[in-house]
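Here is a short briefing to read with the model open beside you. Have a look at the fold, then walk through the points below.

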Amino acid sequence: MSEESAREVSVASDCLPIVDYLQLGEDPHLVANECTNCGARYFDRRNACAKCGKVEFAQVRIADEAVLKAFSVVHRAAPGIPVPYVSAIVETGDGTSVRANVLGLADPMDANLGMHLRFSVYSCGLDDNGTECVAFGYTVV
Ligand SMILES: [Zn+2]
């Protein structure tokens, strides 16, 4: 990883996740709400499944490994990562689509569809109280 790449962090217990579905701790990972009837997964809270209409959900851990399915090279600043960067849709090993940035590419133009990635977290700044905010992305394997 170059100096220009996003800074990976060891996640302290007092860090704040940038989204509710990012679980921090010793083994950071994503958690989705999975419909117990049809298996559809959602990262946001749902009253009912958009696919089958049922209302029962279970929380499931999302696999860390992923494959790059679609991407765009972005030339607009974002907190905690150098510009330009790769905004992507990845498919995790358990078939879940996740929108995230690809981390660890020396040149964003090196991104290729189908490349293998792994879940990772990075610091995206401090809030007014000095608490570190943590975001997630996928690093090239
Ligand atoms: Zn469903």
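This is a predicted model: local features need pLDDT of at least 70, side-chain atom pairs count only at pLDDT 80 or more; totals for chains, interfaces and linings use all residues.

Residues are numbered from 1 along each chain as its sequence is written.

**The overall chain**

- The protein chain has zero helices and 10 strands; helices (H or I, at least four residues) and strands (E, at least two) are DSSP runs, numbered from the N terminus.
- The radius of gyration of the protein chain is 16 Å, close to the 14 Å from the globule rule for 141 residues, so the chain is as compact as a globular protein of that length. The radius is taken over C-alpha atoms, and the rule is 2.2 Å times the number of residues to the power 0.38.
- Along the principal axes, the C-alpha atoms fill a box of roughly 45 × 40 × 25 Å.
- Of the 141 residues, 24% count as buried. Buried means 20 or more other C-beta atoms within 10 Å of a residue's own, exposed means 12 or fewer, and partly exposed lies in between, with C-beta atoms placed from the backbone.
- Among contacts with a separation of 6 or more, 51% come from residues 24 or more positions apart.

**The nonpolar core**

- In the largest nonpolar core, which has 23 residues, Ala-66, Val-90, Val-102, Leu-117, Ala-135 and Tyr-138 touch the most other members.
- Strand 3 (29-35), strand 6 (65-74), strand 7 (85-92), strand 8 (97-103), strand 9 (116-126) and strand 10 (132-140) each supply at least two residues of this core. Strand 9 gives the most, with five residues.
- A nonpolar core is a set of buried Ala, Val, Leu, Ile, Met, Phe, Trp, Tyr and Cys residues joined through C-beta atoms within 7 Å.

**How the strands pair**

- Strand 7 and strand 8 run antiparallel and are joined by six bridges; two strands count as paired if DSSP finds at least two bridges between them. Glu-91 has Ser-97 in strand 8 as its bridge partner.
- Strand 8 pairs with strand 10 in the parallel sense over three bridges, and Asn-101 stands opposite Gly-137 in strand 10.
- Strand 9 and strand 10 pair in the antiparallel sense over nine bridges, with Ser-123 opposite Val-134 in strand 10.
- Strand 6 and strand 9 run antiparallel, joined by three bridges; here Ala-66 has Leu-117 in strand 9 as its bridge partner.

**Turns and a cis bond**

- Most residues other than glycine have a negative phi, and most peptide bonds are trans.
- Strand 7 and strand 8 form a hairpin with four residues between them, and Gly-95 in the turn has a positive phi of about 85 degrees.
- Strand 9 and strand 10 form a hairpin with five residues between them, where Gly-130 in the turn has a positive phi of about 85 degrees.
- The peptide bond from Val-83 to Pro-84 is cis, with omega near -5 degrees, and Pro-84 is found in the loop between strand 6 and strand 7.

**His-75 in the loop**

- His-75 is also found in the loop between strand 6 and strand 7, and it counts as exposed because it has 9 C-beta neighbours inside 10 Å.
- His-75 touches Val-83 and Pro-84, not counting residues up to four places away in sequence.
- The C-alpha atoms of His-75 and Val-86 are separated by 9.1 Å, and the two residues are 11 residues apart along the chain.

Technical notes
Two residues are in contact if their C-beta atoms, placed from the backbone, lie within 7 Å.
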